[in-house]
Amino acid sequence: MEIEYKITKEQCAKKIKGVCSYCGGRLEPLKVNDGSKYPTYLSGCNRCQAFNEGVDPEIYRTAKKIVEEGFRYHSHLKDKESDSLETKQYKTKCHIGDTCILIKKILEVMKDENK
Ligand SMILES: [Zn+2]
């Protein structure tokens, strides 16, 4: 018997826009293993192993730039001397990912106000 998907891989692939908000990489349909009878696919990043709605490459570049300039979205994820390379990369990804969402939100609000 063929498995019935709520959202097929092809449907998911068609809806994918932009790049991964954590690493700027390519998004692809990732299978959701929630144990349900009808599995589904969601947009995600294989490199980050995370589901991800995607952002404009321009937003990603902007977020990356302001994080590189020292902006820290999460105050509890401050840089520490003792951080390993993996920890540093993980923290940077978190700051960039959530800064992307912040920029996206700011742009939406500004667009609304300019109507
Ligand atoms: Zn990624």
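Predicted model: local features only at pLDDT ≥ 70, side-chain atom pairs only at ≥ 80, totals over all residues.
## Helix α2

Among the residues of α2, four are buried, namely Ile59, Tyr60, Ala63 and Val67. When the helix is viewed down its axis, the buried residues of α2 fall within an arc of 100°, and they therefore line one face of the helix. An α-helix has 3.6 residues a turn, so residues three or four places apart point the same way.

## Surroundings of the helix

The cover over the buried residues of α2 includes α3, which comprises residues 85-113. On the face of α2 that is turned away from its buried side, the exposed residues are Pro57, Glu58, Lys65 and Glu68. Just after α2, the backbone at Gly70 adopts a positive phi of about 115°.

## The three-stranded sheet

The model also contains an open sheet of 3 strands, arranged in the order β1-β2-β3 and paired in antiparallel fashion. Strands β1 (28-32) and β3 (50-51) stand at the edges, and because each has a single partner strand, one side of each is left without a neighbour in the sheet.

Strands of a sheet pair through backbone hydrogen bonds, either parallel or antiparallel. Here, strand β2, which covers residues 40-45, is joined to β3 by 2 bridges, and the two strands run antiparallel. Opposite Phe51 in β3 stands Gly44.

Key. Residues numbered from 1 in each chain as written. Buried ≥ 20, exposed ≤ 12 C-beta atoms within 10 Å, placed from the backbone. Arc of directions from axis to C-beta. Contact = placed C-beta atoms within 7 Å. Pairing = 2+ DSSP bridges.
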